[in-house]
Amino acid sequence: MTARALPAPVRALRRPMGALAGGWLLLVILMAVLAPLITPYAYDIQSLKEAYQPASSAHWLGTDEFGRDLLTRLIHGARTSLSVSGIAIFLSVLCGMVLGAAAAWFGGWFDRAVTVVVDLTWSFPEILIALILVAIIGPGTTGTMVAISVAYLAQFTRLTRAQILTLRGETFIEAARSLGASNSHILRRHLLPNALAPVLVSAMLATGDAIILEATLGFFGLGAQPPVPSWGGMMSAGSALIFKAPWIIVFPGLTVAVTVVAINLFGDALIAELDIRNRMGGRA
Amino acid sequence: MTALLEVSGVSVAIGALPLLDGISLSVRRGQILGLVGESGSGKSLTAMAAMGLLPLIGGRVTAGAVRFDGQDLAGMTEGQRRALRGRRIGFVTQNPMTALDPVQRVGDQVDVVSRLHLGLSKSAARARTIDLMAQLRIPEAGAVAEAWPHQLSGGMKQRIVIAMALAGDPDLIIADEPTTALDVTVQAQIIQILGSLVRDRGVALLLITHDMGVVAQICDRVAVLYAGRLAEEGPVGPIFAAPAHPYTAALIGCIPQDGMAKGSLHGIPGAVPSARAFPPGCRFHPRCARATPECTRDVPPLLPRGVGSAACFHMTPEAG
Amino acid sequence: MLSYLIRRVLMLVPVFLAVSVVIFLILHFIPGDPVDNLLKVGSPPEARAEMMARYGLDRPLPVQYGVWLGKVVQGDLGTAIVARRPVADLIVQALPHSLRLGGLALLFSTVVGVGLGLVAALNRDRWPDKAIMGGVLLGSTMPSFWLGLILMLVFSVWLGWFPVSGARSASALVLPVLTIGLGGTALVARITRVAMIEAAGRDFVTLLHAKGLSPLRIQLRHVLRHALIPVVTILALRIGWILGGAVTVEVVFARPGLGTLLIKSLSQHDYPVVQACLLMLAIAVMLGTLVGDILQALMDPRVRAAME
């Protein structure tokens with residue numbers, strides 16, 4: 001089997017950076033999925049006499065203010081943070097693709113309206129949009145999820161619209177049209193699949209940003225509510241204790257940073273493998 | 001008189017990909033050499049090699065030498081090569097639309113050459129620029145010098161580019177398809193301007209083109225390039241009378257004749273092979289009517305033929 | 001140019017109206033009634049109705065919007081329900097702090113980002129490029145509140161170089177500016193690098209080389225100049241991004257400012273203050289795009305020509 005025949009994510013894994021980044025991501029996802037099976041402690045068992053312990057052989061990353069094992073909470077936190085960000089972006093991509101495709105396809109006033117709203121939201125920082133939305137919906141995982149997906153809606157609508165507009169003029173679409181294919185057939189069978197690769201890759205990259213956004217909302221106490229651990233929530237609790245027990249905030253932050261770096265590196269490897277750099281909508 | 005620019009046996013590669021194979025040509029002062037071929041044959045690369053600008057596109061000379069006024073370019077420092085460019089070698093690019101910096105006034109773009117190479121002051125450089133522009137029949141040169149590139153027509157921009165090439169008072173001008181992007185009427189004007197430069201100033205001109213009609217009109221000698229190799233080289237008269245190489249003959253056949261309908265231009269079937277897939281033997285054989293098994297196997301050497309030379313196993317006999 | 005400017009400013013009016021409607025409406029969907037916060041538990045319904053009437057909360061929405069907008073345009077942002085002071089006072093107190101922080105962070109991001117992007121582009125695919133782009137990636141992936149706290153831990157607590165928090169001295173600005181600036185630097189450095197590489201491949205650059213100009217001069221005077229056009233455009237569009245960073249960082253460093261005010265009033269359901277904060281941020285975003293457009297016109301004669 002030649003290298004070309006393998007799917008792009010597998011080929012991306014064969015690049016050195018892609019392997020490193022992909023390896024970390026697989027590890028984090030695996031840990032998140034298997035969290036209850038592999039963690040040495042329960043995430044919510046408090047033991048006040050074990051509070052504020054630095055890293056040791058019993059608690060590899062130390063314990064928090066309630067004596068809970070940090071590694072355990074970090075792994076369970078991956079569950080919350082990854083699923084919230086992942087689902088949020090999934091929803092965002094879904095709605096964004098429908099909106100963007102519809103805007104590009106139907107054009108006219110509908111397209112103009114969508115473009116104006118999208119451009120307006122796009123110039124506002126995601127964090128502000130998300131903060132206001134969480135304030136409306138109320139804190140917690142659902143609120144965070146909805147807030148994040150709305151915050152990124154503009155990006156995917158924009159990207160899908162641009163993709164469809166570019167593809168629409170290409171020969172194979174003209175050919176399909178001249179063969180008498182219907183509008184919806186062309187849109188479903190030709191345009192969307194072709195627009196998919198850049199949208200999916202940027203969805204992956206946005207998931208990285210969403211992890212940071214989720215952590216920031218968690219920091220403001222608006223994310224997953226205690227005792228459910230999330231990376232943001234752990235850092236929120238740790239921020240008050242930074243001088244007393246810096247490890248409580250350092251490890252979740254590092255995990256976020258490394259995970260987001262890995263997502264970006266893997267995304268770059270994917271972009272290179274799929275050869276879609278010029279279609280990524282200005283991602284530098 | 002010795003050649004001003006002498007390219008002898010030059011091979012060029014970009015990365016690991018060989019693109020030019022043993023190109024030799026020379027131009028003297030007061031002479032116009034036409035370098036002809038379809039796109040992809042390596043004309044522009046030859047021009048870049050002649051100016052020592054290959055590193056810009058990631059290329060390098062792998063064999064042979066480029067000599068300017070007797071001096072080997074490879075033996076010079078980069079600073080010495082830079083002192084040649086703009087000063088002794090002027091360059092006219094293919095597309096005047098993209099040749100000028102869009103955010104600088106055109107006059108400043110011409111001024112910089114004489115300020116840099118001739119050490120002129122700001123005002124002296126501008127006076128020279130306006131003078132040159134006037135010589136190139138640019139109306140209201142003073143006002144045009146203050147214009148932005150986007151305010152000028154294609155033909156006007158190409159004149160500015162030529163003024164830029166002349167500002168350092170060069171001995172050699174390399175013009176890479178200077179008329180391709182222009183209207184037919186403007187094309188004729190630009191060709192006329194270039195021809196008069198050689199007559200009036202005695203500069204040497206390396207004119208790169210894909211149009212044999214232009215060659216017939218103003219060139220003294222012609223070199224035909226195909227897929228990175230020289231197909232034929234020699235004085236224009238004898239070659240046009242009886243081209244030795246079938247490719248040369250085909251190119252001459254492409255010149256539109258008077259009274260010919262536009263659609264009846266008989267091009268050469270097929271296309272120049274990509275450098276990644278050069279055929280073995282004579283690279284022209286897949287498109288050649290005269291090809292024999294020998295042509296698919298062996299590389300025809302460049303052999304003297306009359307006053308020129310050609311690389312073909314089945315040369316047409318000389319005229320007369 | 002002047003007529004363009006006037007037209008461009010007039011174009012902001014409908015945008016401002018749209019934004020103001022959105023801001024006004026959003027706040028009315030926020031659950032939690034500020035009046036409840038003010039009333040003593042067990043107050044009679046008449047007290048509640050009286051309170052609603054006092055703040056105009058009993059009237060229909062379009063009327064409330066009209067009244068609110070009319071006052072806003074005159075500079076009257078209402079009275080803070082919790083703080084019981086004119087909102088304008090709170091904004092006037094907070095705004096200079098945020099402007100200083102945001103402005104310095106923008107300056108830092110631009111100068112350092114363009115510098116790094118330039119060095120990276122000049123050394124394309126060699127180690128300085130890889131090192132800079134790697135560092136920039138790392139910088140952009142750390143949550144800004146976390147980066148701020150870590151910087152505070154290292155430089156204020158361990159090394160004692162800067163005050164831990166507050167806004168009393170100029171040195172208290174260093175860490176907050178760095179925290180926001182590093183994220184912006186990453187963005188600017190990436191755009192600069194890509195724009196430089198793209199510009200360096202243009203036809204006219206070949207001709208500059210053929211004119212015998214030195215490569216450094218070509219890069220600095222021509223290629224960089226072109227690269228700055230997209231940098232300015234994107235930076236202006238993402239000015240809100242910097243302000244968003246300021247919101248978090250102000251809270252982390254316990255600095256007075258719009259961000260702190262916004263977060264505090266959001267948790268207290270203090271509508272008028274939240275509305276005013278969002279309006280200020282929206283105005284900043286709109287002014288950012290305006291300044292970006294103007295700068296672009298100043299930098300590119302083709303844009304100027306398109307305007308006329």
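This report walks through the chains of a predicted model, their contacts and their folds.

Residues are numbered from 1 along each chain as its sequence is written, and chains are lettered from A and ligands numbered from 1 in the order in which they are written. Because the model is predicted, local features need pLDDT of at least 70, side-chain atom pairs count only at pLDDT 80 or more, and totals for chains, interfaces and linings use all residues.

## Chains A and C

Start with the two helical chains. Helices (DSSP runs of H or I, at least four residues) and strands (runs of E, at least two) are numbered from the N terminus. A residue is buried if 20 or more other C-beta atoms lie within 10 Å of its own, exposed if 12 or fewer, and partly exposed in between; the C-beta atoms are placed from the backbone. Two residues are in contact if their C-beta atoms, placed from the backbone, lie within 7 Å.

Look at contacts along each chain. In chain A, take the contacts with a separation of 6 or more: residues 24 or more positions apart account for 66% of them. In chain C, 72% of the contacts between residues at least 6 apart join residues at least 24 apart.

C:L258 is found in helix 12 of chain C. Why does C:L258 count as buried? Because it has 26 C-beta neighbours inside 10 Å. Leaving aside neighbours within four places in sequence, C:L258 is in contact with C:A94, C:L95, C:S98, C:C277, C:M280 and C:L281. C:M52 is 206 residues away from C:L258 in sequence, and their C-alpha atoms are 27 Å apart in space.

## How the chains meet

Which chains share the most contacts? Of the 2 pairs of chains in contact, the answer is chains A and C. Chain A and chain B do not touch; their nearest C-alpha atoms are 19 Å apart.

The contact between chains A and C takes 32 residues from chain C and 30 residues from chain A. Several helices of chain C each supply at least two residues to this side, among them helix 1 (2-29), helix 8 (174-200) and helix 13 (271-299). By class, the side of chain C that touches chain A has 26 nonpolar, 5 polar and 1 charged residues. Here Ala, Val, Leu, Ile, Met, Phe, Trp, Tyr, Cys and Pro count as nonpolar, Asp, Glu, Lys and Arg as charged, and the others, Gly among them, as polar.

Now turn to chain B. Its contact with chain C takes 19 residues from chain C and 24 residues from chain B. On the chain C side, helix 9 (203-210), helix 10 (215-237) and helix 14 (301-307) each supply at least two residues. Helix 9 of chain C gives the most, with 6 residues. This side of chain C divides into 7 nonpolar, 6 polar and 6 charged residues.

## The sheet of chain B

Chain B has an open sheet of 8 strands with mixed pairing, in the order 6-7-8-3-9-10-12-11. Two strands pair if DSSP finds at least two bridges between them. The edge strands, strand 6 (89-92) and strand 11 (303-305), each pair on one side only.

Strand 11 of chain B runs antiparallel to strand 12 (residues 308-310), and 3 bridges join them. In strand 12, B:S309 is the bridge partner of B:P304. Helix 11 (residues 246-253) of chain B packs on the sheet and touches strand 3 (32-36), strand 9 (221-226) and strand 10 (229-235).

## The nonpolar core

A nonpolar core is a set of buried Ala, Val, Leu, Ile, Met, Phe, Trp, Tyr and Cys residues joined through C-beta atoms within 7 Å. The largest has 251 residues, and those with the most contacts inside it are A:A130 and B:L206. Helix 10 (residues 247-274) of chain A gives the largest share, 16 residues. Beyond neighbours within four places in sequence, B:L206 is in contact with B:L5, B:V27, B:L33, B:L35, B:A50, B:L172 and B:I174.

## Confidence in chain B

pLDDT is the predictor's confidence in each residue, from 0 to 100. Chain B has a mean pLDDT of 87, and 95% of its residues reach 70 or more. Over residues 260-265 of chain B the pLDDT is below 50. Where pLDDT is low, the predicted coordinates should not be read in detail.

Technical notes: Axes are lines fitted to C-alpha atoms, for helices over the stretch in contact, and angles run from 0 to 180 degrees between N-to-C directions.
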